[in-house]
Amino acid sequence: MKRFTFLFFLTVVTGFDMLAQTPYRFDAEAGAGLMSIPDVSRTGWAVRQQLTAYIRPRFGVSAGVTWGGSSNLDPIRSKASQNPYGRPDPGQLNQFYTRTDRMTDLSVVFLPVLTRRHQLAVRVGVSAYRSQASRIDSIIYYQPGGSDYRVALGQTSTQRAAPVAGASYDYRLSGHWAVGIQGSAYFGGGGQPITTAGLRTTYRFNLGADSLGLKAIDRSDVRAGVRLAANLSSANGRSVASVYGWHGVGGIWAEIPLSLTWQLRGEINYAQRGYKSIEIRQGSNRYVPEFGNLAYLELPLLFRNEVAYHWHLYGGPYLAFLLSGRAESDGEPVPIASHTVSGFMLGVDHYITTRLAIDVRYQRDLLRLSNRPYGGLHGFQLGLHYAILNKR
């Protein structure tokens, strides 16, 4: 995960630096194909989106997301030949499964072949890999000897940082559009890699300060630094038993000016967040004590405006990837499924010196991007950020 974080920060700084000049080439990719998972019996499906920014004609950095899945539902549809009630065959139930996989990766890209019509690309990088699998835990029959039943599933989740390598070939139909094939391999699971292969289409475009209607920005205008904050957080949809708890946040940031008063900032934060409720009895109702302590990798993208001398208002979206966590309800451990959420941040900061600033922000999870229901969290932060790279 440290390598993933470093590559993301490198991509943020490089992307800001590229927007400071014009023009630069970008490839936006969408594709679909098959996914092969060593520890399951069937080939699954995979869908991929990727954006590649070329720093040089043959060298670039890419960010991609792959969704995939596989399932075998036949065992609960099969019937034992000796069973007159039409029940599933117990000998086949261990082969039942459903599985979903999500890979978010950052890579460096090299083009050994680049002509007017043909493009061959290879890439290597690191991926934040997450999967969730369901298998049959038990079958419950409503009546002895009957055929009506329900299935109880057991679920397992996996998350890790995995090295990734891939290759693709594109045939250019025009200056903008191309079609081709691509494949990827995700390593680090202790056995054979998870592989994907399929077709893709690519759209090429140029983007720079001129195309955005902005003035050219010098490299020295890029600023970067660190941020530390105290986070007071709680669950969305709070009850009378809910209370706030203190947690810590730390990260790095980089920003470029968009105009005399506007800046664009990207951050990478290790954020501790959580929720807590106390036991309360109201008549026959009882609120059980609960708590959860969670750690996220947060990736905000913030637009900042200088509203007064040394004062800024800012806001923007973020993605948060669960790294670890534990939770209890009424004294019993509660499993926490791997999930990704997105939300929005609003804040204000004041520069005490040209390098040191204090800020206050509010954040709230708005959209669940995981496989299980998740109510989300919100919180208030009081932080300090210090500019290491600073032209002022």
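Q: Which ring does the charged end of Arg 273 sit over?
A: The ring of Tyr 296. In this predicted model, the charged end of Arg 273 is 5.6 Å from the centre of that ring.

Q: And what about Arg 25, which ring is under its charged end?
A: That one is Tyr 54. The distance from the charged end of Arg 25 to the ring centre is 4.1 Å.

Q: OK, switching to rings with rings. How many aromatic pairs does the structure hold?
A: Five. One of them joins Tyr 362 and Phe 380. Their rings are tilted, with 50° between the planes and 5.0 Å centre to centre.

Q: Where do Tyr 362 and Phe 380 lie?
A: Tyr 362 is in strand S19 (residues 356-368), while Phe 380 is in strand S20 (residues 377-389). So the pair ties together parts that are 18 residues apart in sequence.

Q: New topic: strands. In which sense do S2 and S3 pair?
A: Antiparallel, over 11 bridges. S2 covers residues 44-56 and S3 covers residues 59-72.

Q: How many residues sit between them?
A: Two, and the strands form a hairpin.

Q: What's the bridge partner of Trp 45 in S3?
A: Gly 69.

Terms used
Residues are numbered from 1 along each chain as its sequence is written. This is a predicted model: local features need pLDDT of at least 70, side-chain atom pairs count only at pLDDT 80 or more; totals for chains, interfaces and linings use all residues. Side-chain values use heavy atoms; hydrogens and water are left out. Rings of Phe, Tyr and Trp (its six-membered ring) pair if their centres lie within 6.5 Å; planes under 30 degrees apart count as stacked, over 60 as edge-to-face and the rest as tilted. Helices (H or I, at least four residues) and strands (E, at least two) are DSSP runs, numbered from the N terminus. A charge sits over a ring if NZ of Lys or CZ of Arg is within 6 Å of the ring centre and within 35 degrees of the ring normal. Two strands pair if DSSP finds at least two bridges between them.
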